[in-house]
Amino acid sequence: MSIRTRRIGDFLATALFSAVCCAIFLFLAVLLWFVASRGWRAITPEFILEPPREGMTAGGIWTPLVGTFQLVVVSMAAVIPIGIATGLYFSEYATEGTFTNLLRLAIRSLAGVPSIVYGLFGLTFFVIFLHLGPCLLSAGLTLACVALPLIVTGAEGAFRSVPQDLRDASYALGATKWQTIYKVVIPSASSTLITTTILSIGRVAGETAPILFTGATFYAHVSGFDLFGEIMALPTHIYVLATAGTQIEQTRPLQYGAVLVLLALVL
């Protein structure tokens, strides 16, 4: 292959990948413009800080906004220790073989399960079987199941990306395996772990189906942090405004305003 042919191939590949990247950013820009152009008029201090009132046709999103933050806190508190520990097991302790490969396959398969299935699982297991009822805890644990494959896969990749030379240097200085993991591997992988956690937060903050059956309600008062109480959340609030309200057209600005806030929260 001549140098000229290689340069042409390199140019075409660069142009192709640049076009794909630009197309993705263009789609994001169009999506943001579509939502922002319809929802920016609703964004006021009152819209953010007031709860919904008058049958969801007035007021703001303070109650569902607080509920969304509570869901994120509960789900991340449940999934981060389990997900990072599982990723650490795959990276540092598990021996390659059929059993380990089956475990990896099972966890990665969970990433492809539709979110509505997680909602039905949460209803069956957390709400009915464990008798937790529809509440913040049930919804948060269901969302933790949704985020688990992403956390485990990201954590394993983060730990595997740490150079083996760092481990060998730690062992040469007399450190034990756990000391090496705690003081070398985890700090070295911390930036990737933080990134994975942020992506997981964005995933669970925007989920609707998993919490419809497990803890989200049409209306709830802000009464502090109650693990066993029903809550409102931005995704389900938007769903209710757009599909189940009695005056859907009247609440259209509120719908797009809530969508804009949710997008900003996720981004």
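**Stop 1: a partly exposed cysteine**

Select Cys-145. Its relative accessibility is 22%, so Cys-145 counts as partly exposed. The scale runs as follows: buried is under 20% relative accessible area, exposed is over 50%, and partly exposed is in between, with a 1.4 Å probe and protein chains only.

Before going on, note what you are looking at: this is a predicted model, in which local features need pLDDT of at least 70 and side-chain atom pairs count only at pLDDT 80 or more, while totals for chains, interfaces and linings use all residues. Residues are numbered from 1 along each chain as its sequence is written, and side-chain values use heavy atoms, with hydrogens and water left out.

How far is the sulfur of Cys-145 from the closest cysteine sulfur, in Cys-135? The distance is 14 Å, which is too far for a bond. A disulfide is a pair of cysteine sulfur atoms within 2.5 Å. Searching the whole structure turns up zero disulfides. Cys-135 is accordingly in no disulfide. Buried or exposed: which is Cys-135? Cys-135 is buried, because its relative accessibility is 0%.

**Stop 2: the whole chain**

Zoom out and show the cartoon. The chain has eleven helices and two strands. These are DSSP runs numbered from the N terminus: helices are H or I with at least four residues, strands are E with at least two. In sequence order the pattern is α-α-β-β-α-α-α-α-α-α-α-α-α. The C-alpha trace spans about 65 × 60 × 35 Å along its principal axes.

Switch to a surface view. The chain exposes about 14,900 Å², and carbon and sulfur atoms supply 71% of that area. Accessible areas come from the Shrake-Rupley method with a 1.4 Å probe; for residues, only the protein chains shown count as cover. Of the 267 residues, 38% count as buried.

Contact means heavy atoms within 4.5 Å. Among contacts in the chain with a separation of 6 or more, 74% join residues 24 or more positions apart.

**Stop 3: the nonpolar cores**

Select Leu-71, Met-76, Val-79, Val-204 and Ile-211. They have the most contacts inside the largest nonpolar core, which has 19 residues. Such a core is a set of buried Ala, Val, Leu, Ile, Met, Phe, Trp, Tyr and Cys residues joined through side-chain atoms within 4.5 Å. Color helix H3 (62-93), helix H6 (136-160) and helix H8 (177-205): these are the elements that give two or more residues to this core. Which of them gives the most? H6 does, with seven residues.

Center on Ile-211. Beyond residues up to four places away in sequence, Ile-211 touches Leu-71, Ala-139, Leu-143, Ala-216, Ala-233 and Thr-236. Then look for a second, separate core of 13 residues, which includes Phe-47, Met-56, Leu-234 and Val-261.

**Stop 4: the rings**

Show Phe, Tyr and Trp side chains. There are seven aromatic pairs. Rings (the six-membered one for Trp) pair if their centres lie within 6.5 Å; planes under 30 degrees apart are stacked, over 60 edge-to-face, and the rest tilted.

- Tyr-89 and Phe-90 make a tilted pair, 5.6 Å centre to centre with 55° between the planes. Tyr-89 is partly exposed at 35% relative accessible area, whereas Phe-90 is buried at 2%.
- Phe-125 and Phe-126 make an edge-to-face pair, 5.1 Å centre to centre with 75° between the planes. Phe-125 is partly exposed at 31% relative accessibility; Phe-126 is buried at 7%.

Ring pairs link Phe-121, Phe-125, Phe-126 and Phe-129 into a cluster.

Next, select Tyr-93 and Lys-177. Lys-177 lies over the face of Tyr-93, 5.3 Å from the ring centre. The rule asks for NZ of Lys or CZ of Arg within 6 Å of the ring centre and within 35 degrees of the ring normal.

**Stop 5: two helix residues**

Select Thr-100, in helix H4 (residues 98-110). Thr-100 is buried, at 3% relative accessibility. Not counting residues up to four places away in sequence, Thr-100 touches Phe-90, Ala-94 and Thr-95.

Finish at Leu-123, in helix H5 (residues 115-129). Leu-123 is partly exposed, at 27% relative accessible area. Leaving aside neighbours within four places in sequence, Leu-123 contacts Ile-128, Phe-213 and Thr-214. Leu-123 and Phe-213 are 90 residues apart along the chain, yet their C-alpha atoms are separated by 5.9 Å.
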